Amino acid sequence: MTAFDTLIRGGRVIDGTGCPAYYADIGIRDGRIAAIGDLTACTADTDIDAHGKTVAPGHVAQHAHYDVALFWDPYLSNSGENGVTTVVNANCGFGVAPAKPEDRERTMQMLETTEQIPVAHQRSALPWDWESFPDYLTRIRTLDKGVNILSYLPLNPLLVYVMGVEAAKTRRPDAREMQEIHRLINEAMDAGAIGISMSSMGAEGNTHLDNDGTPMPTDTLDHDAILEICEALVARGEGVIQLLSHLVIYGDRGLTERVLARCKGTGVTVIHNAFITSDLMPDMLDRDLGWLDAMRACGYDLTANCFLHRGWIEAGMSQLDVACGMLNAVRKIVACKSDEALLSLLDDSHFVEEFAAEYAAKGSTNGANGLEGQIVIAVGDAPELQKYLDRTIAEIAAELGKGAVATMLELATRSSLALQLRSPEVASKDPRKAARMLSHTATVVGGSDGGAHTKSFGMGHVPTDLLIWLGREEQLLSQEELHFHLALKPARSVQIRDRGALLPGYWADILVYDLEALYFDTRRYEIVHDMPGGDWRRKGRAGGYEYILVNGQVTHRMDVPTGKTPGQLACAGSRRQSRLAAV
């Protein structure tokens, strides 16, 4: 009689490969799946009754920014409670290593302005007992983790580390600096990095701005220099290049094409960022998938990161930049240190006129539909303001006979700053577009941005939403299809070879759930006060998984963490896995 650490009995197994579901028991030993089949006669230290339930692989979030949150939240909410068992950090070229002691404050400011991770949280949580990227990974290994972690080497801190901030922003690396960049990339890869990440969006339409309002180093770096940096991975014949080069109408996909051509046949994978479904640009889906097909037809190892789920942006006055961009007037609002100071500013008629004029001249500088499209979701308790709930600023402005800016500022003042706004959904509301994009061979879900922008949204619910929306509600994709798209497909996109499927020998990252029990509130996000210093964040009200297992141990039971932290600093790429296992 074979004994296991854990036995999951009688469930409907969806193995993540896209093959039809079947009924079986799953035996787990030493964190891995040891057997699948009829294990009725076997014993285990822990038995999980999965009769009447779905048993599926844990979700893989290949685009996240939990680099800092790891130091205060081992479960990486709200991804962890939504069935995400593996996350990939340091996307878009941003992270906390490498960093010289004198550059630590600058590094934290960079994360605050690009990913909206407050410097105060970083100062409170980061021990800064590393300088190099390998030392940072060593520190991550020591942390309690309720999920598995992988990380890119982010190029922005790398360029600053080698060149200094001013040089990194104004010129390409010289020969000596390029040699050092290659050395550090190889050092990071040897230590466990999965590849390199960068944003290269240029200056126009770029939301990745530094604290002085200028683009980040990689965004304006000479494209030839970027190709030369990528040569470090090409020479190794392994790794992933995560590249944000084009979004909707901004950026230049030509850079991705050049990187792909150089990496062809070398073992290096490229993840292009980003695709998004849109109701405003109906031909964009055909155009994006057509480009992807053309690149794949060239033999390029390419996948595209996609934003296609139900998600939106919420904002109070202190987050107004996400509603209409970082205009000069918005900077003045965000800079106010107290409610009294802000109310005084809003009461200044000259400021109101200045704000309205600037907004009329520049319009919205982001993708959240500007002020006119914002929906009022909170106005405090004043009875006379309740009639404005669930209406757009444009509708209220028409009723009041005022402009959008004046209307918003009046509501903010009359509600004593209790005004909260919600954008329309960022991606298309058409589930058929989402299903079509997701079903493409070379697209991967990646819209959560988990760990970043927590004052504006919390989209760790992405996989739960897609199971509900495209599976249970619209029945456009089967559970078998969805779990392939949410686990094995994104795992393979970042060269993870032993996670994302329920197969013998794979790590036992497993979900046990009833599809009917999953939930997601599409009305508004929940505000919770669980950040450093008791600060608040927004997160989707979502979950409903009965059991979540990471490396064979139960980390969540009905949305609640169990206290177990079996997560690992994982690795990717077959050669690197073999090499690191031998160390």
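Analyst: Happy to! One definition to begin with: two strands count as paired if DSSP finds at least two bridges between them. Please also keep in mind that this is a predicted model.

Let's look at strand S20, which covers residues 510–513.

Now for the partners of S20. Strand S5, made of residues 54–57, is joined to S20 by four bridges, and the two run antiparallel. Within this pairing, Val55 stands opposite Val512 of S20. Strand S25, residues 547–550, also pairs with S20 in the antiparallel sense, here over three bridges. In general, strands of a sheet pair through backbone hydrogen bonds, and they can do so in a parallel or an antiparallel way.

For the parallel kind, turn to an open sheet of three strands, ordered S6-S7-S8. Its edge strands are S6 (59–61) and S8 (148–151), each of which pairs on one side only. On average, neighbouring strands in this sheet are turned by 15 degrees against each other, direction ignored. Strand S7, residues 84–89, runs parallel to S8 and is joined to S8 by four bridges. One of the residues involved is Val87, whose bridge partner in S8 is Ile149.

Another strand worth a visit is S11, residues 240–244, where you will find Gln242. Gln242 counts as buried because its relative accessibility is 0%, and the cut-off for buried is under 20%. The side chain of Gln242 reaches the backbone nitrogen of Cys92 at 2.6 Å. Leaving aside residues up to four places away in sequence, Gln242 touches a group of residues that includes His63, Asn91, Gly93, Tyr152 and Met198.

Finally, a pair of helices. The axes of H16 (residues 431–439) and H17 (residues 462–473) come within 10 Å and cross at roughly 110 degrees. H16 is therefore roughly perpendicular to H17, and their crossing is left-handed. Where they meet, Pro431, Ala434, Ala435 and Leu438 come from H16, and Leu466, Trp469 and Leu470 come from H17.

Definitions and conventions. Residues are numbered from 1 along each chain as its sequence is written. This is a predicted model: local features need pLDDT of at least 70, side-chain atom pairs count only at pLDDT 80 or more; totals for chains, interfaces and linings use all residues. Side-chain values use heavy atoms; hydrogens and water are left out. Axes are lines fitted to C-alpha atoms, for helices over the stretch in contact, and angles run from 0 to 180 degrees between N-to-C directions. Buried means under 20% relative accessible area, exposed over 50%, partly exposed in between (1.4 Å probe, protein chains only). A polar contact is a pair of N or O atoms within 3.5 Å; within protein, one must be able to donate a hydrogen and the other to accept it, and residues adjacent in sequence count only if both atoms are side-chain atoms. Contact means heavy atoms within 4.5 Å. Angles under 35 degrees count as roughly parallel, over 145 as roughly antiparallel, 65 to 115 as roughly perpendicular and the rest as oblique. A crossing is left-handed if the near helix is turned anticlockwise from the far one by less than a right angle, and right-handed if clockwise.
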